[in-house]
Amino acid sequence: MVDRRAVLIGNTVTFGILAIGCVALRLWFRISQRVFTLADSCITLATCTATVQTILQILSSSGVTNWGYGRHAVDLPVSIRKSTTPVMYLWLNQVFFKITTMMTKLSLCLVYHHLFQKADSKVVRYSRIVNYATGFFIATYYFAVFIAVTFQCTPVAKSWDTTIPGTCVNIRAIRFVTSVVNIVTSLLVIGLPLPVLFKMKHRGSELKQIIILVLLGLIHTACAIGRLAVLIVPALATNRDTQFASIPNNTAGMIEMDIGIIAASLVVMRPVIQLISHKITGKETPGDALSGSRGPSAYIHMSGSGSGEGKGRNILGA
């Protein structure tokens, strides 16, 4: 008997703990600096909804409250095969996933808002416009798809109980479009700050660290591409052994979600890393953000060759 439960639970719990840990460290530092912005609120909400999804995955797969996730239908008792509870968990997971994804990406857009707040070149001005447009699209699209997924059937209960009379939208089409949007918006939020960062001078080591942290988001994009493949490949998309066949897609979705939260936090956690280094070594890093005021944390100084506006100004904060 093939059992995939360990794959789902292991990855879900591991990445879930990492995501919670990163956000907790970020929030601890921010609050200790008497700063808590809208970006912090967004990532906090994303972490809360991601935690709900982690709990749903555990409930659907664990040995204590096992609803068949990870096992072939033929290996399940008739009571579980006929139960609507696993499908309801799937519906709830879809609903919460939209909130998590929207809030994670909006958090990054708000971080970039500070990066682009004081334009000193055409690159910064254009990046700021693109950031506004990306943030607006993310907010409107994911809110709309959240409503569509929540009320995908009339009555709503038909979403998990097909025996109830009613009608449903083409949820597979919505999932396909959303997967494409996930990939495109992930690439956008990864690439948005790079033109500005590459324009900075005399901050080589710090610049490399920030770029590496931003590019970690490519793992998030890779997971989104993998989930899209499940919808495209006929043998995967039409598999009726749902509770077994859905494990790779569910696992990739959970990793995608948690990696997004981790990346969104790491991008703004340079001051935390500096604080830990300072506590361990007793040495203060040159340009240490901790040596500044308790205002909004800043991580890189803009010293590009623009008009002069914003030169030497701390511009990357959450």
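This is a predicted model: local features need pLDDT of at least 70, side-chain atom pairs count only at pLDDT 80 or more; totals for chains, interfaces and linings use all residues.
The chain has 318 residues, of which 49% count as buried. Its secondary structure comes to 13 helices and four strands. Among contacts with a separation of 6 or more, 73% are made by residues 24 or more positions apart.

The largest nonpolar core holds 45 residues, and the members that touch the most others are Tyr112, Ile138, Tyr142 and Ile261. Two or more residues each are given to this core by α1 (5-32), α2 (38-61), α4 (85-115), α5 (122-150), α6 (171-191) and α12 (247-266). The largest share, twelve residues, comes from α4. Leaving out residues up to four places away in sequence, Ile261 touches Ala19, Val23, Ile43, Ala46, Thr47, Ala50, Thr100 and Thr104. Another core, of five residues, lies apart from the largest one and includes Leu8, Leu56, Tyr69 and Tyr89.

On the α4 side, the contact is made by Trp91, Gln94, Val95, Lys98, Ile99, Thr101, Met102, Lys105, Leu106, Cys109, Tyr112 and His113. Facing them, α5 supplies Asn131, Tyr132, Thr134, Gly135, Ile138, Ala139, Tyr142, Phe143, Val145, Phe146, Val149 and Thr150.

Helix α6 can be checked against simple helix geometry. At 1.5 Å a residue, its 21 residues should span 30 Å, and the C-alpha atoms at its ends are 30 Å apart, which agrees. At the start of α6, a side-chain oxygen of Asn170 comes to within 3.3 Å of the backbone nitrogen of Arg172. The buried residues of α6 are Ile174, Thr178, Ser179, Val181, Asn182, Ile183, Thr185, Ser186, Val189 and Ile190.

Thr178, in helix α6, has a relative accessible area of 4%, so this residue is buried. Its side chain makes a polar contact of 2.9 Å with the side chain of Tyr141. Not counting residues up to four places away in sequence, Thr178 touches Lys98, Tyr141, Tyr142 and Val145.

With a relative accessible area of 0%, Gln53 is buried. Beyond its neighbours within four places in sequence, Gln53 is in contact with Asn93, Phe96, Phe97, Thr100, Met254 and Met257. Thr100 is therefore a contact of Gln53, which is buried, and Thr100 is also touched by Ile261.

Arg34, in the loop between α1 and α2, has a phi near 60°, a positive value in a residue other than glycine. With a relative accessible area of 70%, Arg34 is exposed. The other feature is a cis peptide bond joining Thr154 and Pro155, with omega at about 0°. Pro155 lies in the loop between β1 (153-154) and β2 (167-168).

Conventions. Residues are numbered from 1 along each chain as its sequence is written. Side-chain values use heavy atoms; hydrogens and water are left out. A nonpolar core is a set of buried Ala, Val, Leu, Ile, Met, Phe, Trp, Tyr and Cys residues joined through side-chain atoms within 4.5 Å. Buried means under 20% relative accessible area, exposed over 50%, partly exposed in between (1.4 Å probe, protein chains only). Contact means heavy atoms within 4.5 Å. The expected span of a helix is 1.5 Å times one less than its number of residues. A polar contact is a pair of N or O atoms within 3.5 Å; within protein, one must be able to donate a hydrogen and the other to accept it, and residues adjacent in sequence count only if both atoms are side-chain atoms.
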